[in-house]
Amino acid sequence: MKHDTIKASLSFKNYRSDYANDWCAGCGDHGILRALQKALADLGLARDQTAVFGGIGCSGKTPYYLNTCGIHTLHGRVLSFAAGAKLANPALNVIAVGGDGDGLSIGGGHFVNSGRRNLDMLYIMFNNGVYGLTKGQPAPTLRIGERTKSMAHSNIQGYVNPVALALVSGYTWIGRGYAYDVPALSVLISAAMRHPGMAFLDVLQPCPKYNDLHTKDWYAGKLYSLQEDGYQALISADTDVAMIQQVYNQAMARAQECEERIAVGVFLHDVSRPDFQTQLQAMQSAYGDSTPCRQPVTDANGRSMVDISPLLEELKVR
Ligand SMILES: Cc1ncc(C[n+]2csc(CCOP(=O)(O)OP(=O)(O)O)c2C)c(N)n1
Ligand code: SF4
Ligand SMILES: [Mg+2]
C-alpha cells in the first residue's frame, strides 16, 4: 500500500472519534475497532489520506467511530464505493469493512470480482454467523443444521467459507483473525495494509446478543496460529508452479478446518501479481496525472464544471 505516513508517535486514541458507540456491551466489534485503530497508529497513516467505508449492518457503523475519512454506504455495495475511491484517488489508503451477510449474500458478486481485480486496498469482514443489525437471522457463514437462539428452526442452507471463497476469487493477501485477540488482529491488519494488492481479512467476531453458538467459550482452545505452526504463505515472482499449487492446496485445507481447531493468521501472501492500478498505468500512461481527484470539480465561483446540457438535449423526447 502506498500510504502517506506522519512522523509523530501515535496511539489508537488518535484515530478515535467522539461519535456515540451503540454496539452491545461485549460485542466482538469493539475489539475489531480497537485493532483497526491500533494498526492505523502503528502504520502512522495520515487521517486525511485514509478512508474507511462501511456496509450496512452493526459492522457497517465502523466509519463513525474513526476520525479518518469514510462513508457509511449501502448494503452489499461497500466494495464498489471503496473501489471507486481508490480508482479516483490512488494515493488514498482504502479500507472496506462489513458484515458476513453484507459481503457474502447481497454483496457476493462484489466480493468475488474485487478479488480478481486486485486493487491495492483492504476488505475486513466481521464474521459473526448472523445478521446482527436485523436481529439475528442466519448469515451465509452459519453452517447447515445450526440453530442460534433467534432462529425458529435449524439452518437448512449450506454455508460459505469466506477464506475459501477469497482463495478462488484471486485475492492476493488472505488472513483470518479473532476479534477478542486485539494485539494479534492489529498485526494482521497492518500486514494486510502493507500488502500491495487486494487483501481480505476474515475476522471471527462473537455476537453475544444473537449468536449463542459461536461464543468466547466455544472459540476457547480451538484457535491456533498458522505462522506458529510453520505454515508458509508467501508466493513471489520466483515461486514455481508446483509450489504455488502447494500453497493454494494447503490454504484451502487449513481454511476448511472449523470444528476441532480453527486456523488464524496469514493463509496467502502473493506478491507475484501486479495490482490493478500498476497495470492500468502501464496501459494508459496519463492515468496517474489525470485521475478524477486531480480534476477541478467547480469553477472559481463554486459552480459545477460538469455540463450535462448536451446529454439532456440528447434525451429530450420530441
Ligand atoms: C438492500 C437492503 N436489503 C436489506 C437490508 C436490511 N439489512 C440491514 S443490515 C442487514 C444484514 C446485516 O448483517 P451483516 O451484514 O452480517 O452485518 P452485522 O449486523 O452482522 O454486522 C440487512 C439484511 C438493507 N438495509 N438494505
Ligand atoms: S447485535 Fe451482535 S453484532 Fe450487533 S452490536 Fe450487538 S452483539 Fe454486536
Ligand atoms: Mg453478520
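Which residue follows H5, and is its phi positive or negative? Gly170 follows H5, and its phi is positive, near 100°.

This is a predicted model: local features need pLDDT of at least 70, side-chain atom pairs count only at pLDDT 80 or more, and totals for chains, interfaces and linings use all residues. Residues are numbered from 1 along each chain as its sequence is written, while chains are lettered from A and ligands numbered from 1 in the order in which they are written.

**View 1. The shell around ligand 1.** Of its 18 residues, Gly57, Gly99, Gly101, Asp102 and Gly132 come nearest. A residue is near a molecule if its C-beta atom, placed from the backbone, lies within 6 Å of it. Strand S3 (93-99), helix H3 (100-106) and strand S5 (130-131) each give two or more residues. Helices (H or I, at least four residues) and strands (E, at least two) are DSSP runs, numbered from the N terminus. H3 gives the largest share, 3 residues.

**View 2. The shell around ligand 2.** Among its residues are Trp23, Cys24, Cys27, Cys58, Cys207 and Tyr210.

**View 3. H5 against H8.** H5 covers residues 162-169, and H8 covers residues 241-256. They pack at an angle of about 160°, with axes (lines fitted to C-alpha atoms over the stretch in contact) 8 Å apart. Angles run from 0 to 180 degrees between N-to-C directions. The helices are therefore roughly antiparallel (over 145 degrees). Val163, Ala164 and Leu167 in H5 meet Tyr248, Ala251, Met252, Ala255 and Gln256 in H8; contact means C-beta atoms, placed from the backbone, within 7 Å.

Terms used. Buried ≥ 20, exposed ≤ 12 C-beta atoms within 10 Å, placed from the backbone. Parallel < 35°, antiparallel > 145°, perpendicular 65-115°, else oblique. Contact = placed C-beta atoms within 7 Å.
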